[in-house]
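User: I would like to go through this structure with you, one topic at a time. Could you start with any term I will need for the helices?

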Amino acid sequence: MRGKLLRDEPMSLHTSLKVGGTADLYAVPEDAEDLEQLLNWLAERNIPWLTIGRGYNLLVSDKGVRGAVISLECFNRISNTEDFLIRAEAGVENLAVVRFAQNNGLGGIGFISGIPGTIGGAIKMNAGAYGEGILERTAYLTILRNGIISDFRLDQLDYGYRHLNLKDGDIVLAATFRLEKRDPLQTEDEIRRDTELRRSKHNVGYPSAGSFFKNPAGQAAWRLIDAAGMRGAKVGGAQVSEVHSNFLLNIGGATASDFLNLATAVKNAVFATSCVTLEEEVRIVGEI
Ligand SMILES: Cc1cc2nc3c(=O)[nH]c(=O)nc-3n(C[C@H](O)[C@H](O)[C@H](O)COP(=O)(O)OP(=O)(O)OC[C@H]3O[C@@H](n4cnc5c(N)ncnc54)[C@H](O)[C@@H]3O)c2cc1C
């Protein structure tokens, strides 16, 4: 590999919850060729692997990740491919795409400006806000599947609220967004309103992964958690936020087990009061 390859890398350094054990290997390939070389090397040795973005939606177990974690942070180019189309590589930050579109007089994707993370993570999670998801604005995805790089139109893929079903081993290399003409000042306004709203609603004061649970159809997870009396509940260093009860926080010294146990307590309490089984939005990875 031309990029970076680290051994026994603490995943707490690469996740917003700041918990989790080490990854046996942590790889940062320089480009697609380097990535393919790495994948071949891992396949020859039967080493499992996992691709991550910036870890804003990841809970890594205390035992850590057996195998390799691959970060696409060097895949960071954005281009205006043709009228109304913008292509962003997987490691580009969401806000950078909104700013690039704005500078080209385009818009329609302002709702991702305040979502922390990269395009790769946002696409896999179908990240969104205010009722919109990023995949609705996506014309096609460039995916590395079984050693072949291909473009997929959205109607060739299965996706929905906060998920995109990819095949095991698929890696999103880039996304191409179909945007519309928009006055840059209007985009500026969208970004400002989003920032203000997040400052007032998400100012939770401690590390988090945003909403921990998905909203069940037609319901708000935070309301169910409140109704179950779990606002402020604690296990070790993990706590249900007093500000936004769908945020679980690391209030100091939390372990991944603290989060898993707190999440189980929340789910049990919600089921007992509302007969609803909450589903984690946060991806739980690593050896349990
Ligand atoms: C304060 C806060 C607020 C948040 N607000 C929102 C919000 O409003 N809306 C929302 O939807 N989310 C929100 N989130 C959650 C999080 O920001 C999103 O899920 C984000 O898209 C995660 O991006 P990431 O790059 O960090 O991905 P990661 O967390 O690193 O990864 C997420 C998933 O994507 C997979 N993945 C990453 N890159 C690739 C790739 N290139 N190819 C294939 N799979 C890949 C990973 O394996 C993992 O399963 C918030 C989080 C925080 C901390």
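Analyst: One term is needed: the expected span of a helix is 1.5 Å times one less than its number of residues. Please also note that the model is predicted.

User: Fine. How many residues does helix α1 have, and what does it reach from its first C-alpha to its last?

Analyst: Helix α1 covers residues 32-44, which is 13 residues, and reaches 18 Å from its first C-alpha to its last. That is close to the 18 Å expected at 1.5 Å a residue.

User: Which residues of α1 are buried?

Analyst: They are Leu 35, Leu 38 and Leu 39. Seen down the axis of α1, these buried residues fall within an arc of 100°, so they line one face of the helix. They pack against β2 (22-28).

User: And which residues are exposed on the other side of α1?

Analyst: Glu 33, Asn 40 and Glu 44 are exposed there. The helix is followed by Asn 46, whose phi is positive, near 55°.

User: Now α6. What does it reach from its first C-alpha to its last?

Analyst: Helix α6, residues 256-274, has 19 residues and reaches 27 Å, close to the 27 Å expected at 1.5 Å a residue.

User: Which of its residues are buried?

Analyst: The buried residues of α6 are Ala 256, Asp 258, Phe 259, Leu 262, Ala 263, Val 266, Lys 267 and Val 270. They cover an arc of only 165° around the axis, which puts them on the same side of α6. On the other side, Thr 264 and Ala 272 are exposed.

User: What covers the buried residues of α6?

Analyst: The cover includes β4 (58-60), α5 (221-227), β17 (234-235), β18 (238-240) and β19 (248-250). Just after α6, Cys 275 takes a positive phi of about 60°.

User: Changing topic to the ligand. Which residues come nearest?

Analyst: There are 31 residues around the ligand, and Gly 53, Gly 117, Gly 120, Gly 121 and Gly 210 come nearest. The elements that give two or more residues to this shell are β3 (49-52), α3 (119-125), β9 (128-129) and β15 (171-178).

User: Which element gives the most to the shell?

Analyst: That is α3, with five residues. By class, the shell has 15 nonpolar, 13 polar and three charged residues.

User: What is Gly 121 in contact with, leaving aside its neighbours within four places in sequence?

Analyst: On that basis, Gly 121 is in contact with Gly 53, Arg 54, Tyr 56 and Asn 57.

User: Last topic. What does the domain assignment of the chain give?

Analyst: It gives domain 1 (4-71), domain 2 (78-200) and domain 3 (207-273). The C-alpha centres of domain 1 and domain 3 lie 27 Å apart. Their contact takes eleven residues from domain 1 and ten residues from domain 3.

User: Which classes of residue are on the side of domain 1 that touches domain 3?

Analyst: That side of domain 1 has five nonpolar, four polar and two charged residues.

Key:
Residues numbered from 1 in each chain as written. Predicted model: local features only at pLDDT ≥ 70, side-chain atom pairs only at ≥ 80, totals over all residues. Near = placed C-beta within 6 Å. Helix = DSSP H or I, 4+ residues; strand = E, 2+ residues; numbered from the N terminus. Nonpolar A, V, L, I, M, F, W, Y, C, P; charged D, E, K, R; others polar. Buried ≥ 20, exposed ≤ 12 C-beta atoms within 10 Å, placed from the backbone. Arc of directions from axis to C-beta. Contact = placed C-beta atoms within 7 Å. Domains from an automatic or database assignment.
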